[in-house]
Amino acid sequence: MDTPRDGTSPLVLSGYGAYGMPYPVTFSSNRLSLLDRGVSAAIAHVRGGGELGKRWHDGGRMLAKRNTFTDFIASAEFLIRGGYTAADRLVIEGGSAGGLLVGAVLNARPELFQLAVLRVPFVDVVSTMLDESLPLTVGEFEEWGNPKIREHYDYVKTYCPYVNVAAQGYPAILVRTSLNDSQVMYWEPAKWVAKLRALKTDENPLLFKINMDAGHGGASGRYDALRELAFDYALILTRLGRAG
């Protein structure tokens with residue numbers, strides 16, 4: 001309640017928006033590390049998720065997937081317009097399919113954000129969905145489409161984060177992945193980071209961190225998981241000028 005509405009407050013905006021899964025709004029003791037340092041937290045319930053039922057999911061999958069990204073951008077713009085934060089104080093984060101969301105949004109509106117944190121991000125949709133030897137590909141045709149169908153292929157190419165990396169400025173970016181991830185193979189974020197490094201025109205940091213022991217969920221031990229989160233929060237607070 002004490003947060004000013006004049007655009008001076010830093011804020012972390014999270015999103016997912018896939019598989020009809022609702023993003024839970026629950027108490028998180030981890031977030032206290034941000035809140036105690038004056039950083040607000042928000043969740044964008046974008047289409048593709050399940051917060052408003054099956055229609056909400058259908059409105060953000062297959063040939064309607066881009067709605068997920070425009071919803072997230074609209075959420076960020078709402079927060080900025082309402083004075084909850086400003087572009088130079090806004091951090092976005094997402095993991096797995098939420099990493100796809102963040103990656104697509106970065107290509108579309110990089111100027112809206114100070115920092116992006118992507119965890120095990122699904123960023124090479126075209127190549128992955130063309131490779132039926134991967135464990136999840138065929139079962140996910142109903143979520144992303146089958147790129148062997150020309151209409152689906154052309155549509156996925158319009159938002160795939162890897163395909164749409166451009167020679168433009170990007171905010172600071174942290175990408176984390178795991179060597180033993182069986183859902184999003186480590187080479188997806190690796191090649192996306194390599195393309196970003198080759199093309200981006202800014203001097204902002206682009207950090208790539210690989211856990212050599214973990215799988216899709218990251219470090220499994222309680223304290224190991226907290227150390228990973230502490231790394232993320234340390235970068236977030238540093239970029240927001242709230243470290244210390």
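In this predicted model, Arg61 and Asp58 form a salt bridge, with their closest N and O atoms 2.9 Å apart. Asp58 also takes part in a salt bridge with Lys54, where the closest N and O atoms are 2.5 Å apart. Lys54 and Asp58 both belong to helix 2 (residues 54–58) and are four residues apart, about one turn of the helix. Lys54 is exposed, because its relative accessible area of 52% is over the 50% cut-off. Asp58, at 32% relative accessibility, counts as partly exposed.

A further salt bridge is formed by the side chains of Asp124 and Lys191, at 2.8 Å from N to O. This pair links distant parts of the chain, 67 residues apart. Asp124 sits in the loop between strand 4 (115–119) and helix 5 (125–130), while Lys191 is in helix 8 (residues 187–199). Asp124 has a relative accessibility of 3% and counts as buried, whereas Lys191 is partly exposed, with a relative accessible area of 29%. The whole structure holds 14 salt bridges.

Six of them make an open sheet in the order 2-1-3-4-5-6, with parallel pairing. Strand 2 (40–44) and strand 6 are the edge strands, each pairing on one side only. From one strand to the next, the twist averages 15°. Strand 1 (residues 11–15) runs parallel to strand 2 and is joined to strand 2 by five bridges; Val12 has Ala41 of strand 2 as its bridge partner. Helix 3 (residues 66–81) packs on the sheet, where helix 3 touches strand 1, strand 2 and strand 3 (90–95). The direction of helix 3 makes about 160° with that of strand 1.

Strand 5 (residues 172–178) is paired on both of its sides: five bridges join strand 4 to strand 5, and six bridges join strand 5 to strand 6 (residues 206–211). Both pairings are parallel. Val117 has Leu174 as its bridge partner in strand 5, and Thr177 stands opposite Ile210 in strand 6. In a regular strand, side chains alternate between the two faces of the sheet. In strand 5, Ala172, Leu174, Arg176 and Ser178 point one way, and Ile173, Val175 and Thr177 point the other way. Residues of both sets are buried, and strand 5 is mostly covered, with seven of its seven residues buried.

Helix 8, which carries Lys191, lies across strand 4, strand 5 and strand 6 and runs at about 160° to strand 6. Helix 8 has 13 residues and reaches 18 Å from its first C-alpha to its last, close to the 18 Å expected at 1.5 Å a residue. Which residues of helix 8 are buried? Glu188, Pro189, Trp192, Val193 and Leu196 are. Seen down the axis of helix 8, the buried residues fall within an arc of 125°, so they line one face of the helix. Their cover includes strand 4, strand 5 and strand 6, along with helix 4 (97–108) and helix 5.

Technical notes. Residues numbered from 1 in each chain as written. Predicted model: local features only at pLDDT ≥ 70, side-chain atom pairs only at ≥ 80, totals over all residues. Heavy atoms only, no water. Salt bridge = Lys/Arg side-chain N within 4 Å of Asp/Glu carboxyl O. Helix = DSSP H or I, 4+ residues; strand = E, 2+ residues; numbered from the N terminus. Buried < 20%, exposed > 50% of the residue type's maximum accessible area, 1.4 Å probe, protein only. Pairing = 2+ DSSP bridges. Expected span 1.5 Å × (residues − 1). Arc of directions from axis to C-beta. Contact = heavy atoms within 4.5 Å. Axes fitted to C-alpha atoms, helices over the stretch in contact; angles between N-to-C directions.
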